[in-house]
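User: I am new to this structure and would like to learn how to read its features one at a time. Please begin with the general idea in each case and then turn to the example itself.

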Amino acid sequence: MSFRSVFPLGQPKDEKKGSELTDYEKAILDKLAKKVIHWKMAIPAIIALESVKPLNYIGSQTMVFFEPIVQSIFNITDYDTFRQMMERRETIEDLLKRIEYFDAIAIRKEKLFKKLKREYMKKQTFGFKLKSAILGFRVPSHLEEEWKAKLAATEKEEENQSSPSQ
């Protein structure tokens, strides 16, 4: 009799090993990954997730412990679904892929924004450049729509080139 047969950890034996994520679960992972990117915490999140990857089941059970507290803050159905997803080992890898994917999009958008800003600032006077350096740069109102369209096109282009779920 082995230790694993007495204390089965992880997913139950009747559950498929390579179970695919549903669309709802993918949406939850995307929402979480986008929030990490919005907070500019991609690198710390990747390091933390890589380091706790072997402990995913224990972490999911810790989430059960904190569920009463979390109910007052988060949507409980999303939280419960995420907790169940964390019991499966492959979910952390999927989350890491989503974070890296959205981070790549954010980096490309940031580079494009800096390029547009640099081109715009070349045409401006010294006084305007000084004012922008002191007070901060603000996109001119007559260029807002154009720049938003270019940034959105970059995001669409990135989505068409490579999607992590494929």
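Analyst: A residue is called buried when its relative accessible area is under 20%, exposed when that area is over 50%, and partly exposed in between. The model shown here is predicted. By that cut-off, buried residues account for 28% of the 166 residues in the protein.

User: How many helices and strands does the protein have?

Analyst: There are 9 helices and 0 strands. Followed along the sequence, the elements read α-α-α-α-α-α-α-α-α.

User: How do I read a salt bridge, and how many does a search of the whole structure find?

Analyst: The feature to look for is a side-chain nitrogen of Lys or Arg within 4 Å of a carboxyl oxygen of Asp or Glu. A search of the whole structure gives 13 salt bridges. One of them pairs glutamate 93 with lysine 53, whose closest N and O atoms are 2.7 Å apart. Because glutamate 93 belongs to helix α7 and lysine 53 to the loop between α3 and α4, this pair ties together parts that are 40 residues apart in sequence.

User: Are the two partners, glutamate 93 and lysine 53, buried, exposed or partly exposed?

Analyst: Glutamate 93 has a relative accessibility of 31%, so it counts as partly exposed. Lysine 53 is likewise partly exposed, because its relative accessibility is 23%.

User: Which side chain does lysine 109 meet in a salt bridge?

Analyst: Lysine 109 meets the side chain of glutamate 155, with 3.1 Å from N to O. Lysine 109 lies in helix α7 and glutamate 155 in helix α9 (residues 144–161), so parts that are 46 residues apart in sequence are tied together by this pair. Lysine 109 is partly exposed at 26% relative accessibility, and glutamate 155 is partly exposed at 28%.

User: How should I read a salt bridge whose partners are both in one helix?

Analyst: An α-helix has 3.6 residues a turn, so residues three or four places apart point the same way. Here, glutamate 146 forms a salt bridge with lysine 150, with 3.4 Å between the closest N and O atoms. The two are separated by about one helical turn, because they are 4 residues apart in helix α9. Glutamate 146 is partly exposed, with a relative accessible area of 39%, and lysine 150 is partly exposed as well, at 34%.

User: Is leucine 151 buried or exposed?

Analyst: Leucine 151, which is found in helix α9, has a relative accessible area of 17%, so it is buried. Its C-alpha atom is separated by 9.9 Å from that of isoleucine 105, which is 46 residues away along the chain.

User: Which residues form a nonpolar patch on the surface?

Analyst: Phe126, Leu130, Ile134 and Leu135 form the patch, and together they have about 500 Å² of accessible area. Isoleucine 134 is placed in helix α8 (residues 126–135) and counts as exposed because its relative accessibility is 62%. Helix α8 is hardly covered, with 1 buried residue among its 10 residues.

User: Finally, what should I note about backbone angles, starting with the residue that follows α8?

Analyst: Glycine 136 follows α8 and has a positive phi, near 105°. Lysine 40 also has a positive phi, of about 60°, although it is not a glycine. Lysine 40 sits in the loop between α2 and α3, and its relative accessibility of 69% is why it counts as exposed.

Note on methods:
Residues numbered from 1 in each chain as written. Predicted model: local features only at pLDDT ≥ 70, side-chain atom pairs only at ≥ 80, totals over all residues. Heavy atoms only, no water. Patch = residues over 30% accessible without salt bridge, like charges linked within 9 Å, V, L, I, M, F, W, Y side chains within 5 Å. Areas by Shrake-Rupley, 256 points an atom, 1.4 Å probe, with all protein chains shown as cover. Buried < 20%, exposed > 50% of the residue type's maximum accessible area, 1.4 Å probe, protein only.
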